[in-house]
Amino acid sequence: MADRAWPARERSRLGGWRLNATSGWSMRSNACWPLEEPDREVEAALDATEAWFGTRGLPPRFKLTEGATAPADLPQRLARRGYQACKQTLVLTGRTAGQPDAAVRLSDRPDAGFEAVFAASAAGNLADARERLETLARIPAPARFASLDLGGATAALGACAVEGQWVGLFGMRTAPEQRRKGLARRVFATLLAEAAQLGASHAYLQVEADNAPALALYGSEGFQPAYAYQYWVL
């Protein structure tokens with residue numbers, strides 16, 4: 001579900017291995033997700049995956065999910081090829097209960113203010129920001145984009161993707177000069193309330209394991225870790 005909610009520009013399959021490629025920045029949309037057994041012998045599948053990324057000018061990358069990596073010995077196989085684990089990420093789950101904030105605007109596509117804050121949060125890496133904005137624009141309906149304005153300018157934002165009873169939350173950003181004012185919490189609550197109106201009762205989000213401020217925010221809203229994943233890179 002998380003894979004469908006963050007759609008890469010180019011997608012392919014090797015049986016149960018999902019291959020995602022965009023421009024190389026967002027790790028989720030530029031990685032192999034080996035969630036089920038591949039359609040060929042494992043070492044041949046590894047060769048094919050490396051070749052697939054190589055023809056696109058991208059480094060091979062694997063997203064190994066706790067409790068859902070096939071085959072189970074894939075970490076050992078990758079290590080023998082020179083891969084190392086990095087960037088542990090937690091998937092948190094919770095409920096969609098929440099009260100909308102009247103000051104938060106909702107739309108079904110990102111507007112200019114949304115894009116400006118998103119780009120500003122990329123620490124000067126506009127290619128990274130552009131790739132993520134393009135991915136957000138590919139989220140299948142129903143999707144919602146939330147913006148909170150202060151002083152006539154967008155100060156905080158976020159997005160969500162609804163699929164049945166679940167909603168995934170993505171792209172939470174606050175303008176650097178507007179941080180530590182509780183704006184993210186207001187955007188978050190509004191997205192959850194909107195998702196409930198769209199039929200979702202459960203929510204998930206992904207956050208890097210060392211992002212203490214984000215974990216504190218989401219934990220205070222009742223979100224708890226469900227599982228973890230790590231990327232493996234050469």
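I worked from a predicted model.

**Entry 1: largest pocket**

I looked up the volume first. The largest pocket holds about 1300 Å³ of space. I then listed its lining and found 38 residues. M172, R173, N211, A214 and Y218 lie nearest the centre of this pocket.

Which element gives the most to the lining? I found that β9 does, with six residues. I noted β5 (84-95), α5 (126-137), β9 (166-174) and α6 (183-197) among the elements that each supply at least two residues. β10 (202-208), α7 (212-220) and β11 (224-233) also belong on that list. By residue class, I recorded 19 nonpolar, nine polar and 10 charged in the lining of the largest pocket.

**Entry 2: second largest pocket**

I put the volume of the second largest pocket at about 250 Å³. Its lining has 17 residues, and M1, A2, D3, W33 and Y227 are the closest to its centre. I see α1 (2-5), β4 (61-65), β5, β10 and β11 each supplying at least two lining residues here. The lining of this second largest pocket divides into 10 nonpolar, three polar and four charged residues.

**Entry 3: α4 against α5**

How do α4 and α5 cross? I found that the axes of α4 (residues 112-120) and α5 come within 9 Å and cross at roughly 140°. The two helices are therefore oblique to each other. I logged their crossing as right-handed.

Next I checked the contact residues. From α4, F114, E115, F118 and A119 take part. They meet L126, A129, R130, R132, L133 and L136 of α5. I sorted the contact residues into seven nonpolar, no polar and three charged.

Methods:
Residues are numbered from 1 along each chain as its sequence is written. This is a predicted model: local features need pLDDT of at least 70, side-chain atom pairs count only at pLDDT 80 or more; totals for chains, interfaces and linings use all residues. Side-chain values use heavy atoms; hydrogens and water are left out. On a 1 Å grid over the protein atoms alone, a cavity is a set of points where a 1.4 Å probe fits but cannot get out, and a pocket is an open set with protein on both sides within 12 Å along at least five of seven lines; lining residues have an atom within 4 Å of a point. Grid points are joined across faces, edges and corners, and a volume is the space filled by probe spheres set on the points. Helices (H or I, at least four residues) and strands (E, at least two) are DSSP runs, numbered from the N terminus. Ala, Val, Leu, Ile, Met, Phe, Trp, Tyr, Cys and Pro count as nonpolar, Asp, Glu, Lys and Arg as charged, and the others, Gly among them, as polar. Axes are lines fitted to C-alpha atoms, for helices over the stretch in contact, and angles run from 0 to 180 degrees between N-to-C directions. Angles under 35 degrees count as roughly parallel, over 145 as roughly antiparallel, 65 to 115 as roughly perpendicular and the rest as oblique. A crossing is left-handed if the near helix is turned anticlockwise from the far one by less than a right angle, and right-handed if clockwise. Contact means heavy atoms within 4.5 Å.
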